[in-house]
Amino acid sequence: MSITVQEKLNDALKYHQGGDFISAEKIYKQILEENPSNADALNLLGLLFAGNNKYEEAINLVEKAVKISPNSYFYLNLGTIYTDKGDIDSALKTYETALNLESKNPGIFFGMAQCYKRKNDFILKYNKTYS
């Protein structure tokens, strides 16, 4: 009996959520070897890389996922990666795209609020330093 792609994704996600990143990465990459345009595997591998502070690799993977399957979940993840990387302007643009796709997702508003808070913190620090 052969394992389906969804079963492989489920297994990889269990490893990922359990902290076994090496096993999860191995399965995500196997899926992508078989089907390089599997948006779910691209997205999840991107999240795994982001969790290990490999932001450029993460962004490249999730951007590929977004091109294949433009949905609010992938855009939300991409926005979070940009936020974690400190690229607040890119994060806000990405969250706005997600919001256009799904206007009632509280995660998108939370991500945007974090970005605006960080921008405001920067402005306050700048004003205190240079006033």
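A crossing of two helices is called left-handed if the near helix is turned anticlockwise from the far one by less than a right angle. By that criterion, H1 passes H2 in a left-handed crossing, and H2 passes H3 in a left-handed crossing too. Please keep in mind that the model you are looking at is predicted.

**The chain as a whole**

- The protein chain holds 7 helices and 0 strands, so its order of elements, read from the N terminus, is α-α-α-α-α-α-α.
- Of the 131 residues in the protein chain, 37% are buried.
- Among the contacts with a separation of 6 or more, 40% are between residues 24 or more positions apart.

**H1 against H2**

- The axes of H1 and H2 come within 7 Å of each other and cross at roughly 155°.
- That angle makes H1 roughly antiparallel to H2, because angles over 145 degrees are counted that way.
- On the H1 side, the residues that meet H2 are Val5, Lys8, Leu9, Asp11, Ala12, Leu13, Tyr15 and His16.
- Their partners in H2 are Phe21, Ser23, Ala24, Ile27, Tyr28, Ile31 and Glu34.

**H2 against H3**

- The axes of H2 and H3 come within 9 Å, with a crossing angle of roughly 150°.
- H2 is therefore roughly antiparallel to H3.
- H2 contributes Phe21, Ala24, Glu25, Tyr28, Lys29, Ile31 and Leu32 to this contact.
- From H3 come Ala41, Leu42, Leu44, Leu45, Leu48 and Phe49.

**Glu25 in H2**

- Glu25 is found in helix H2, where its side chain makes a polar contact of 2.7 Å with the side chain of Lys29.
- Leaving aside neighbours within four places in sequence, Glu25 is in contact with Leu45, Leu48 and Phe49.

**H3 from end to end**

- Helix H3 covers residues 39-51 and has 13 residues.
- From its first C-alpha to its last, H3 reaches 18 Å, close to the 18 Å expected at 1.5 Å a residue.
- At the start of H3, a side-chain oxygen of Asn38 comes to within 3.1 Å of the backbone nitrogen of Asp40.
- Just after H3, Asn53 has a positive phi of about 60°.

**What covers H3**

- H3 is mostly covered, with 10 of its 13 residues buried.
- Those buried residues are Ala39, Ala41, Leu42, Asn43, Leu44, Leu45, Gly46, Leu48, Phe49 and Ala50.
- They pack against helix H1 (5-17), helix H2 (21-34), helix H4 (55-68) and helix H5 (72-85).

**Asn43 in H3**

- Asn43 lies in helix H3 and counts as buried because its relative accessibility is 1%, while the cut-off for buried is under 20%.
- Beyond its neighbours within four places in sequence, Asn43 is in contact with Val62, Ala65, Tyr73, Phe74 and Asn77.

Note on methods. Residues are numbered from 1 along each chain as its sequence is written. This is a predicted model: local features need pLDDT of at least 70, side-chain atom pairs count only at pLDDT 80 or more; totals for chains, interfaces and linings use all residues. Side-chain values use heavy atoms; hydrogens and water are left out. Helices (H or I, at least four residues) and strands (E, at least two) are DSSP runs, numbered from the N terminus. Buried means under 20% relative accessible area, exposed over 50%, partly exposed in between (1.4 Å probe, protein chains only). Contact means heavy atoms within 4.5 Å. The expected span of a helix is 1.5 Å times one less than its number of residues. A polar contact is a pair of N or O atoms within 3.5 Å; within protein, one must be able to donate a hydrogen and the other to accept it, and residues adjacent in sequence count only if both atoms are side-chain atoms. Axes are lines fitted to C-alpha atoms, for helices over the stretch in contact, and angles run from 0 to 180 degrees between N-to-C directions. Angles under 35 degrees count as roughly parallel, over 145 as roughly antiparallel, 65 to 115 as roughly perpendicular and the rest as oblique.
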